[in-house]
Amino acid sequence: MEDMRNKVVFGGIYEANPSKICSSTDRINGYDQHYGLFVPVFNQKTGKVHMVDTYKIDMYCNYENAIKKLKQFSESGAYTISKAYSEYYYNSSPELTESNFHLFTFLGNLEDYHEVSKRDYVEYEDADKINNIYLGFEWKYPSGSYLVKNGAKKSQLRILQGLNYLISGNCSFHTFWDLEEFEKNLKKYEESESVDEESISNFKKTLEKAKKYLELKEEYKRFCQELDSRS
């Protein structure tokens, strides 16, 4: 029988449907405490590899230290496996076998990624990023981590789309510190014709709305100042 340690990436993260690979107990609503994100853990006592739902791992550290901890599971993790099995509503640490290996989808080696803000995340291509990653219990609650591949470059079009989203959706409170960048990128894409006409038209409308909002905001400010100055 093949050693399952040779088939997994320790320090990597996998996605799976808990209801298909975790055995429930007689507790009601047993599947409500999970992320559906699993990491391989080696049981040094039995020589077997288990996949543990990250919801069951206590992880209160930064991203780099979290990866170190997950990689250490390649040598020892019997306690983590036992804890995930015994202290929660259902067994969220199933043994990895040839028959269930296909149920786990490999998302990536965490060493190949780094954390970014949600604001930066939208500016990368889909192939270079993964989101909603929880490396431990209540990790980055409620949205998880936004990860981008090391060395990935931002997409100029995604930058424009991200700015468009921020500006169009937040006119009531956005400060528009990035409005100049938006206009500069819009002009570049308009000249290069690398973006379809409908998108360019929508981006232009957003720009006009934002400028009008700022204009009305300043007008309202002057109105209030004049009103307050009256004796």
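Which residues gather in a patch of negative charge on the surface? They are Glu193, Asp196, Glu197 and Glu198. The model is predicted, so local features need pLDDT of at least 70 and side-chain atom pairs count only at pLDDT 80 or more, while totals for chains, interfaces and linings use all residues. Residues are numbered from 1 along each chain as its sequence is written, and side-chain values use heavy atoms, with hydrogens and water left out.

**Overall build**
- The chain has seven helices and seven strands (DSSP runs of H or I, at least four residues, and of E, at least two, numbered from the N terminus).
- From the N terminus on, the order of elements is β-α-β-β-α-α-β-β-α-β-β-α-α-α.
- Of the 231 residues, 42% count as buried (under 20% relative accessible area with a 1.4 Å probe, protein chains only; exposed means over 50%, and partly exposed lies in between).

**Nonpolar core**
- The largest nonpolar core has 22 residues, and Leu70, Leu110 and Leu135 have the most contacts inside it (a core joins buried Ala, Val, Leu, Ile, Met, Phe, Trp, Tyr and Cys residues through side-chain atoms within 4.5 Å).
- Strand S2 (37–43), helix H2 (63–72), helix H3 (78–86) and strand S6 (129–133) each supply at least two residues of this core.
- H2 gives the largest share, four residues.

**Surface of helix H7**
- Glu198 is found in helix H7 (residues 197–229) and counts as exposed because its relative accessibility is 59%.
- Tyr220 also lies in helix H7, and this residue is exposed, with a relative accessible area of 55%.
- Tyr220, Phe223 and Leu227 make a nonpolar surface patch of about 330 Å².
- Patches are made of residues with over 30% relative accessible area and no salt bridge, with like charges joined within 9 Å and nonpolar side chains (Val, Leu, Ile, Met, Phe, Trp, Tyr) within 5 Å; a salt bridge is a side-chain nitrogen of Lys or Arg within 4 Å of a carboxyl oxygen of Asp or Glu.

Conventions. Areas by Shrake-Rupley, 256 points an atom, 1.4 Å probe, with all protein chains shown as cover. Lys, Arg positive; Asp, Glu negative; His and termini not counted. Charge placed at Lys NZ, Arg CZ, Asp CG, Glu CD.
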